[in-house]
Amino acid sequence: MEQYLNMGIKDVISRFPAAGDLLNRFNIGCVPCTVGTCLLKDIVDIHSLSVEDEKELFTGLGEIIHPGEKIVPPKIERKQAAKSGGNTYSPPVKSLVDEHKLIKRLVALIPAIADRADPSTADGFQVISDSVGFIRSYADKFHHAKEEDILFKYFDEGTDIIKVMHEDHANARGHVKAVLEGLEKKDKAITSYNLKKYGEILTEHIKKEDEVLYPWMDRNLTTREVGEMFSKFIAIDNDFADEAKKYEAMIQTLEKNFKNQGD
Ligand SMILES: [Fe+2]
Ligand SMILES: [Fe+2]
């Protein structure tokens, strides 16, 4: 068992496929752990498993890896105390979680916008341009830039979990670029497909950040780093305050027109 602790999660799962199902039961089937070098022993820290879950998971893994043998779950060294209760965020990280809320409001409208907004009509063109304007400015230039230029810089950016976040940002940008090309060609198939793809990526991405990445980062940031990040964020937020208000109003208007009745 011990020898597998230093093995990449991806390799463990490909050698013992049942381990993938077991990890899923603990919500550890997420992509960040299966990209490359994230080690089996790292999941305890990254997912902040409770002591009980750690024991149950590693006993289960032991039974999969060494069937029929008596399993003594290994003791994993933790950098942080085990989690108790739900996620609580530091003030700067909480501000990123709050920004996700506005981004998620637009993402929730994407299926309706993709189906109904036709770029060959003036109204449709406008709605898609407004949505892309929000995505490029608020979600990317403002929010993703805070993550990439400030938050992620406090960590080793070679870590799988951060590499995946960068990849998600890049893939999302690719779809936004394609939406713009579809707009130019007034081609609804292109705008719809890429808007939906963007929505799918962002939904998963935000979930990973809110539930795994941010809590893990918060547990590893020092008080000084949290304070420093907070003041950097406040400076950016102040510069962007008017834009943010404008986008919030725009999302409200889009919701009036595209939110399904009964939502
Ligand atoms: Fe992100
Ligand atoms: Fe984010």
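1. Let's start with the contacts of Asp-168. Leaving aside residues up to four places away in sequence, Asp-168 touches Ile-201 and His-205; two residues are in contact if their C-beta atoms, placed from the backbone, lie within 7 Å. Asp-168 is found in helix 9, where helices (H or I, at least four residues) are DSSP runs numbered from the N terminus. Asp-168 counts as buried because 20 other C-beta atoms lie within 10 Å. The cut-offs here are 20 or more such atoms within 10 Å for buried, 12 or fewer for exposed, and anything in between for partly exposed.

2. A word on what you are looking at: this is a predicted model, in which local features need pLDDT of at least 70 and side-chain atom pairs count only at pLDDT 80 or more, while totals for chains, interfaces and linings use all residues. Residues are numbered from 1 along each chain as its sequence is written, with chains lettered from A and ligands numbered from 1 in the order in which they are written.

3. On confidence, the protein averages a pLDDT of 88, and 92% of the residues score at least 70; pLDDT is the predictor's confidence in each residue, from 0 to 100. Among the elements of the protein, helix 7 has the highest mean pLDDT (97) and helix 4 (residues 31–34) the lowest (53). Where pLDDT is low, the predicted coordinates should not be read in detail.

4. Helix 7 (residues 91–116) packs with helix 8 at an angle of about 155 degrees, their axes 11 Å apart. Axes are lines fitted to C-alpha atoms, for helices over the stretch in contact, and angles run from 0 to 180 degrees between N-to-C directions. That angle makes helix 7 roughly antiparallel to helix 8, a term for angles over 145 degrees. The residues of this contact divide into ten nonpolar, two polar and three charged. Nonpolar means Ala, Val, Leu, Ile, Met, Phe, Trp, Tyr, Cys and Pro, charged means Asp, Glu, Lys and Arg, and the others, Gly among them, are polar.

5. Gln-126 lies in helix 8 (residues 122–149) and is exposed, since 12 other C-beta atoms are within 10 Å. Its C-alpha atom is separated by 40 Å from that of Val-226, 100 residues apart along the chain.

6. Finally, look at Lys-186, in the loop between helix 9 (160–185) and helix 10 (188–220). Lys-186 is not a glycine, yet has a positive phi of about 50 degrees. With 14 other C-beta atoms within 10 Å, Lys-186 is partly exposed.

How values were computed. Helix = DSSP H or I, 4+ residues; strand = E, 2+ residues; numbered from the N terminus. Parallel < 35°, antiparallel > 145°, perpendicular 65-115°, else oblique.
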